[in-house]
Amino acid sequence: MKIQVFNNYSLLPHNTFGLNLKAATFIEYASVDDLKAYIAKGMLEPPFLHIGQGSNLLFLKDYEGTILHSAIQGIEVTGEDERFVSVRVGAGVSWDDFVDYCVKQGWYGVENLSLIPGEVGASAVQNIGAYGVEVSDLIAAVETVTAEGEERMFGVAECEYSYRNSIFKRTEMKSHFVTYVHFRLSKQECYHLEYGNIRKYLEATPHYDLATVRKAIVDIRKSKLPDPEVLGNAGSFFVNPMISKAQFDELSKQYPEMPCYDMGNDLIKVPAGWLIEQCGWKGQTMGKAGVYEKQALVLVNRGGATADDIVALSNSIIKSVHDKFGIDIHPEVNFVG
Ligand code: EPU
């Protein structure tokens with residue numbers, strides 16, 4: 001059985017905030033059969049939590065149960081015609097390695113999601129998104145194994161995807177462990193270049209292709225977002241809030257420059273990064289946690305921060321935004337403990 005079990009295990013390599021907390025037990029498995037064999041022996045006891053690379057997590061304290069991690073690898077073509085290719089990808093594949101592979105194969109779809117930290121399994125739980133694309137646009141199905149050892153396949157409609165959300169984030173679904181994700185990608189040229197300044201970046205490259213679009217996204221991300229290897233962080237700390245059109249109209253009288261995205265159904269999405277910057281938080285430090293200089297939506301560990309430092313900063317920001325704009329913002333990062 002290729003399963004590794006560690007006790008009193010440091011979570012330092014498994015959370016991009018760089019917090020040195022511990023798990024009572026940590027297990028890593030390399031195949032569905034190994035996971036099922038472990039479960040069949042009755043070895044998996046609650047509480048447990050399945051994680052990916054820990055790039056969207058904030059551990060608040062040591063975890064007193066079992067943390068599971070998938071090391072399932074592999075990118076397998078399961079079907080193909082002139083227009084589309086279907087691939088089945090192991091949950092433990094690094095997300096950006098998968099994007100790189102697709103770009104090299106000439107498969108269109110995931111390139112705008114270049115350089116997002118994390119693994120393929122978690123991408124399907126979190127519905128990762130960037131630069132006008134969400135991974136749910138490309139997912140065909142998700143395979144899971146339950147904590148009772150049963151295999152189950154969810155078609156994309158059953159995953160109930162919405163902005164940074166899916167059925168797998170529900171509390172009662174924490175016992176479904178994602179093992180494989182199925183994607184449907186285009187073999188015909190098609191790009192999503194409408195978001196932000198992507199077109200501007202590509203102006204210097206008149207004959208762009210998949211590789212140059214990927215490079216543009218990588219450059220844009222690097223110019224705005226800190227590398228977790230250098231500065232601990234978990235990407236956007238908050239989700240962008242939705243407010244009613246009526247509330248937006250009222251606020252824009254006072255803040256005519258407030259950016260907005262019309263989501264239909266009388267709802268307006270407002271960038272939390274803009275709200276936080278307007279409250280004066282950009283570049284600030286509190287305890288050993290801070291707000292990133294180039295993107296106010298990202299909270300960083302300035303070195304030696306504790307979970308309490310990060311939570312205290314987050315709470316202060318939430319209060320400032322509420323007091324100034326009457327808008328409640330909520331963490332995107334999942335708090336554990
Ligand atoms: N803005 C500011 N100040 C800031 C940050 C942003 O004024 O400090 C303004 C920008 O000028 C722009 C707007 O807010 O008008 C949106 O900014 P940006 O394009 O950087 O995107 P975002 O809404 O802050 C979202 C995602 C990111 C994703 C980018 C690009 C969420 C929670 N975050 O950020 O995702 O990379 O769009 O698509 O939706 C992540 O989820 O971890 C993540 C990094």
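The following dialogue discusses how to read several local features of this predicted model.

Colleague: Which strands form a hairpin, and how many residues lie between them?

Modeller: E15 and E16 form the hairpin, with two residues between them. The strands run antiparallel and are joined by three bridges. Aspartate 262 stands opposite isoleucine 268 in E16.

Colleague: Where is lysine 269, and is this residue buried or exposed?

Modeller: Lysine 269 belongs to strand E16, which covers residues 267-269. The residue is buried yet has no salt bridge. A salt bridge requires the charged atoms to be within 4 Å, whereas the nearest side chain of opposite charge, glutamate 134, is 5.7 Å away. Among the residues that lysine 269 touches are Tyr163, Met242 and Tyr261.

Colleague: Which residues form the nonpolar patch on the surface?

Modeller: The patch consists of Tyr195, Met242, Tyr261, Met263 and Leu267, with about 440 Å² of accessible area together. Methionine 242 lies in strand E14 and is partly exposed, because its relative accessible area is 38%.

Colleague: Which peptide bond is cis?

Modeller: The bond from proline 46 to proline 47 is cis, with omega near 0°. Proline 47 lies in the loop between helix H1 and strand E3.

Conventions: Residues numbered from 1 in each chain as written. Predicted model: local features only at pLDDT ≥ 70, side-chain atom pairs only at ≥ 80, totals over all residues. Heavy atoms only, no water. Helix = DSSP H or I, 4+ residues; strand = E, 2+ residues; numbered from the N terminus. Buried < 20%, exposed > 50% of the residue type's maximum accessible area, 1.4 Å probe, protein only. Lys, Arg positive; Asp, Glu negative; His and termini not counted. Contact = heavy atoms within 4.5 Å. Patch = residues over 30% accessible without salt bridge, like charges linked within 9 Å, V, L, I, M, F, W, Y side chains within 5 Å. Areas by Shrake-Rupley, 256 points an atom, 1.4 Å probe, with all protein chains shown as cover. Pairing = 2+ DSSP bridges. Lists of a residue's contacts leave out its neighbours within four places in sequence.
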